[in-house]
Amino acid sequence: MGQDVAQGAFSREDRLQYRQKVRRCLDVFALMLDEFTFDADRPTTGLEIELNLIDADAEPAMRNREILDGLADATFQTELGQFNLELNALPRLIEGNGFTDYERDVRESLDRADVRAGKSDADLVLIGILPTLTEQHLVVENLSVNERYRVLNDQIVGARGEDLELDIQGVERLRTHTDSIAPEAACTSVQFHLQVAPDSFANYWNASQAIAAVQVGIGANSPYLYGRHLWAETRIALFEQATDTRPDELKAQGVRPRVWFGERWITSIFDLFEENVRYFPPLLPICEEEDPVEVLHNGGVPHLAELRLHNGTVYRWNRPVYDVMNGRPHLRVENRVLPAGPTVVDMLANAAFYFGLVRDLAEDDRPIWSRLSFKDAEENFHLAARRGMDAVLHWPDLGDVRVNDLVLEVLLPRAAAGLDAFGVAPADRDRLLGVIEGRCRSGRNGAIWQTETVRAAERLHGMDRDAALHHMLRRYRDLQRTNEPVHTWEVR
C-alpha cells in the first residue's frame, strides 16, 4: 500500500499480468515454507496506533499533512483521512521490561506530535471513532493528499458499481449511503504484531481468532457514529460495510467480503494467502520488477511484493503477514480487532493481555479451536462488538458466560502464564493485567465511559446530543493526557 500510483493507471493487461504474478508469488511462497529458515528465534512484537486530530471546538481537524511536514518524524505517517495520523512504534521484544520501554517510547512520540499539532491549532485523540464526525466530514475531498488513497477509493467503489450502504442497528439506528470509502477513515485502531515461526503460525492465528470476541468485549471504545449510539464497538460494523465491494446480488451468492473474519480454522499460513488469491480479485494491480522464481533460484530472499500488496487489500481481523527485514524473511500475525485508546496504558494493557493469552492458548496441548466451533467464534466476535462488556459469549466447558466473568475467572491467569513464558518482568505483567482486571471488576471500558458521560450531559445538564458529544470528547482528551486507565475516570 506504500507505493504511489496515478489514478486510472490500470489496464486489462495490468490486471492480467498482476494476477499471473500473484500466483507466481504464491507458488514461491509455498516452496519457501518448505525449504527456508524464517526469522523466529526470538518473537519480536510491534504496535501501530491510528490517531485522530481535533480542533479547539472538538471538531475533526483536516491538518495531517501540515502536522507531518512540521513533525518530520518517520515513525508517523498519513492515514486515510486528513484528520488521521498513524504511529508505528519501534518493534521490540517484550521480555524483561519491554512493555515499560514501549510505554515510554509511545508516550514520548505522542507528546512530540501533540506539541507539533498544537502549532496547527489541533490536538491528538486516541479513540475508536471520533464522536463529533458527521457525514459532511467523511467525503472524498477529505481523504489524505496521497494518490494511493484516491486510487483505492476508485477501485473499491468501481468494483461495487454503486453507492456503499451503511446500515447499523444498535441502541439507535443509522442508515445512510456514501459514494466513497471516506467513512472508513472514522475507524481508528491499534494493531498488535507478533512474529511467529511457520510451523506454529496456524496455532497463533487460530488462537487469535478464538479470543477476538473477548478482546473487543473488554476493549470496546467506539459507541457513536454520526451522533447515533450504535454498537459498543461500532468500528467493526462500519469497517465491514464501508469497504464492501459486493452489491446485494453478490452477497446473496455467498461472495466473501473483503473485511473478513474468515470461515475456518487453518493448518498453515499458506491457507490464508491461498484463500486471498482464490477468492478476491485484485484492487491495486501494481507489479514490481522482481522475478521471485529467479531470486529463489539464485539463493536470495524474494520480497513477493505483489502477493503482499494483494494481502494488504483483504482486511482480515487477524491478518497474516510475510515480510523481509535485514535480508531474512519472517511471518507475523497482525491483530487488528481493537480500537485506539483510551490511553497509552490502556492500549499496553490490551497488548499484554493479547500477547500473553494468545501464547498460552497457542501452546496448549488441547487447543481451544478443537473445542470451539469457528461459527461460534465468529458469532461471539460480532456479539461482543454489539454488546461490549454486556456480551454473553459461548465458551468451551462453560457454555454461555459473561465476557467479564470469563476474563476474571479463566483468561487472566492464562494471560499471566503466557507473559511469563515470554519472560515479561513480573512488575509489568501485574501492572498491565491489573488494568484489565480493574476494567472487568468496575464494568467500565472506553465505550461505557463515553455513553455514561453523554447520558449524564443530556439528563443532568440538559444538553442535546451534539453538545453532549462535544462535551464528552473534550473531557476524554483531557483525561487521556493523564494516562490513567479509563476504568478510573470519573463520569460527570
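Colleague: How do you know that the span of helix H3, residues 98–119, agrees with its number of residues?

Modeller: This is a predicted model, and in it the 22 residues of H3, at 1.5 Å a residue, should span 32 Å, which agrees with the 32 Å between its end C-alpha atoms.

Colleague: What makes you say that the buried residues of H3 line one face of the helix?

Modeller: Buried means under 20% relative accessible area, and the residues of H3 that are buried include Phe 99, Tyr 102, Val 106, Leu 110 and Ala 113. Seen down the axis of H3, the buried residues fall within an arc of 165°, so they line one face, while Asp 111, Val 115 and Lys 119 on the other side are exposed. An α-helix has 3.6 residues a turn, so residues three or four places apart point the same way.

Colleague: Which residues have the most contacts inside the largest nonpolar core?

Modeller: They are Phe 99, Tyr 322 and Phe 353, in a core of 160 residues, to which helix H11, residues 344–362, gives the most, with 14 residues.

Colleague: Why is H11 called roughly perpendicular to helix H13?

Modeller: The two helices pack at an angle of about 85°, with their axes 7 Å apart, and because angles of 65 to 115 degrees count as roughly perpendicular, H11 is roughly perpendicular to H13. Among the residues that make the contact are Phe 353 and Leu 357 of H11, together with Leu 411 and Phe 422 of H13.

Methods. Residues are numbered from 1 along each chain as its sequence is written. This is a predicted model: local features need pLDDT of at least 70, side-chain atom pairs count only at pLDDT 80 or more; totals for chains, interfaces and linings use all residues. Side-chain values use heavy atoms; hydrogens and water are left out. Helices (H or I, at least four residues) and strands (E, at least two) are DSSP runs, numbered from the N terminus. The expected span of a helix is 1.5 Å times one less than its number of residues. Buried means under 20% relative accessible area, exposed over 50%, partly exposed in between (1.4 Å probe, protein chains only). The arc is that of the directions from the helix axis to the C-beta atoms. A nonpolar core is a set of buried Ala, Val, Leu, Ile, Met, Phe, Trp, Tyr and Cys residues joined through side-chain atoms within 4.5 Å. Axes are lines fitted to C-alpha atoms, for helices over the stretch in contact, and angles run from 0 to 180 degrees between N-to-C directions. Angles under 35 degrees count as roughly parallel, over 145 as roughly antiparallel, 65 to 115 as roughly perpendicular and the rest as oblique. Contact means heavy atoms within 4.5 Å.
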